[in-house]
Amino acid sequence: MGIETWLIKVKKSISHSFDSGVHKPVTIKKSRVGVLAFEVAGIMPKLNYMWQMLSDKNMACLRNESICLEGVRRIVSTDDVFLLSLACAEMVENLKAVSKSVSRLSKRCEDANLRCFEMLFDGFANTGRDPHNWVVSWKEMEARNKKMERYVCTTAALHREIDELTVVENSLKKYSQCDTHKKDYVSKQQKILDLQQKLQWQKQEIKYLKEKSLWNRSFDTVTSLLVKSIFTILARIKLVFNINHGYPPSLHRSLSASATIYPSDQAPSSFTFVSGPLAKSTKHTENNHLAHGFFNPNSEILKPSSTTLGAAALALHYANLIIVTEKMIRSPQLVGVDARDDIYSMLPNSIRSSLRCRLKGIGFTASDPVLAGEWRAALGKILGWLSPLAHNMMKWQSERSFEHQKLMPKTSVLLLQTLFFADQQKTEAAITELLVGLNYIWRFEREMNAKALLNCSNFKNVQKNSRTIRVTFIRFGDYPSNNLSNHKDQECNFEKLGTKGEISPNHRDYLCILLYRLVCKLVELSEIQILKDVFFCSLT
């Protein structure tokens, strides 16, 4: 008996050593998406949005409207090829960002081809090779988009139900732990029974939604759906922007000279064209494409030049400044002293210096209604092309903030439609013009209001009593250190009119003229350049 036991152990050890010498293939346990369904549900709407952006309607709008905006032509560029290259590069960068998320999911797949998605995607972008036929037709892509939309809706409903389940569980736990009196015992038990029943219903609903949503789908199924969408979108980008596989070495910051928009009815046959012409190209050309790659030139295109607001990190700041100025121009009569101080504090030194030069020598009166009307018309024209770029800058930035970066964009604003690539000198010149015009119409509105106040009947009845005139300075720049009370001319003339500023109505007009001349004398003595110093008299 002992010999048989010993022989069995020897047999098992020999068989174990034999099995250990044979290398078994590594198998990956097939798993479900599970809680990662919510992350996948955030990726799918982005792919649908990118596909819709490449539709015939949106591409025609890009070609005929977006790059033809007056503001884009004035301060960004007049080169259609360069503007289209910016649009193409931004779309490719957005797709590349989504592909990184899909690449992380592909590592969990059982299919070896899906696990190599990142390498295959780079190869497809550089050379156009699609060995697994992941590029689908237009009709199939539309069907896949509808399928993804259903997945997203059911997954969102699952998320809501899980939140509701948490609320019910917390309520049930709260009622179970709390102490009640005997008279409330019956109502408490009934409440607990209701919550328990609701909890069971909630669990059944969640179980049903898990079966219908992305929760119980395998990583292979979900990743295959995303991978084919990404390949098809990149093929569509190459098609509509007429890119042959990679960027040619001779074109570093632009597309080919014949960059055009192709209609989608050519898409099914064109998608088979993606890897077709590669056979006709020489080995040297193919190596050049591989050396330069596809994504690196896109990143270079999106780097702003040194003369743009994007390079100076002023695009968002100038957008805020333009929007604030626009509100003041539309309602100059509502602009107060604090608002003028705030907008002046927003100005960089370059705009402040140019504004001083523009306002040097401008008088203190602004009573010409014709000139005010001309300024309003001029400012309206400037805001007509500058304001859309500023608002687009705010929209683009808000959609890509940390809080919203996982959400689907709500607008189709591209970076070329913002102030990011705008020329800094041209933008600052336009902002300076807006501030000069705002200065005039603001003073015009105040003078018109003062005249209306002087002409009203109630004000004339009050003129019988002596009044006090207060001289007010609105600080928008550097002021002379001299004070009014330190000047002999001022003291002398005040003595002629009365003591401590108390004057009669007969001397009011004379005093206004006198004070105006006094301020001019102060400016001459101090030898300064008044930026937006406004002198006016307010009756109190």
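**Close-up views of a predicted model**

View 1. T232 is found in helix 10, which covers residues 219–240. The model shown here, and in every view below, is predicted. T232 is buried, and its relative accessible area is 0%. The T232 side chain meets the backbone nitrogen of V136 at 3.2 Å.

**View 2. S218 and T221.** S218 sits in the loop between helix 9 and helix 10. S218 has a relative accessible area of 4%, under the 20% limit, so this residue counts as buried. The side chains of S218 and T221 make a polar contact of 2.9 Å.

**View 3. The F38–W215 ring pair.** The model contains 10 aromatic pairs. In the pair formed by F38 and W215, the ring centres lie 6.0 Å apart. The planes of F38 and W215 meet at 65 degrees; that is over 60, so the pair is edge-to-face. F38 belongs to helix 2 (residues 37–53). W215 belongs to the loop between helix 9 (185–212) and helix 10. F38 is partly exposed, with a relative accessible area of 26%. W215 is buried, with a value of 18%.

**View 4. An aromatic cluster.** Seen here are F117, F121, F124, W134, F231, F294 and F295. Ring pairs link these residues into a cluster.

**View 5. Nonpolar cores.** The largest nonpolar core holds 111 residues. Within this core, M44, L226, F241 and L419 have the most contacts. Helix 5 (residues 80–106) supplies the largest share of the core, with 13 residues. A second core is separate and has 11 residues. Among them are I192, L195, I206 and L209.

View 6. Helix 14 runs over residues 315–330, a total of 16 residues. From first C-alpha to last, helix 14 reaches 23 Å. That is close to the 22 Å expected at 1.5 Å a residue. Which residues of helix 14 are buried? They are A315, Y318, A319, L321, I322, I323, T325, E326, M328 and I329.

View 7. Helix 17 spans residues 369–399 and has 31 residues. The distance from its first C-alpha to its last is 43 Å, close to the 45 Å expected at 1.5 Å a residue. D368 caps the N-terminal end of helix 17. A side-chain oxygen of D368 lies 3.1 Å from the backbone nitrogen of V370. Where does helix 17 bend? The bend is at G384 and amounts to about 40 degrees.

View 8. Most residues other than glycine have a negative phi. N133 is not a glycine, yet has a positive phi of about 55 degrees. N133 is placed in the loop between helix 7 (117–127) and helix 8 (138–177). N133 has a relative accessible area of 59%, so this residue counts as exposed, the limit being over 50%. A313 is not a glycine either, and has a positive phi of about 60 degrees. A313 lies in the loop between helix 13 (295–301) and helix 14. A313 is exposed, at 66% relative accessibility.

View 9. V168 is part of helix 8. V168 is buried, with a relative accessible area of 3%. How many residues separate V168 and Q196 in sequence? The separation is 28 residues. In space, V168 and Q196 are 8.5 Å apart, C-alpha to C-alpha.

View 10. How many disulfides does the model have? The count is 0, under a rule that asks for a pair of cysteine sulfur atoms within 2.5 Å. C109 is buried, with a relative accessible area of 0%. C116 counts as partly exposed, at 33% relative accessibility.

Terms used. Residues are numbered from 1 along each chain as its sequence is written. This is a predicted model: local features need pLDDT of at least 70, side-chain atom pairs count only at pLDDT 80 or more; totals for chains, interfaces and linings use all residues. Side-chain values use heavy atoms; hydrogens and water are left out. Buried means under 20% relative accessible area, exposed over 50%, partly exposed in between (1.4 Å probe, protein chains only). Helices (H or I, at least four residues) and strands (E, at least two) are DSSP runs, numbered from the N terminus. A polar contact is a pair of N or O atoms within 3.5 Å; within protein, one must be able to donate a hydrogen and the other to accept it, and residues adjacent in sequence count only if both atoms are side-chain atoms. The expected span of a helix is 1.5 Å times one less than its number of residues. The bend at a residue is the angle between axes fitted to the seven residues ending there and the seven starting there. A nonpolar core is a set of buried Ala, Val, Leu, Ile, Met, Phe, Trp, Tyr and Cys residues joined through side-chain atoms within 4.5 Å. Rings of Phe, Tyr and Trp (its six-membered ring) pair if their centres lie within 6.5 Å; planes under 30 degrees apart count as stacked, over 60 as edge-to-face and the rest as tilted.
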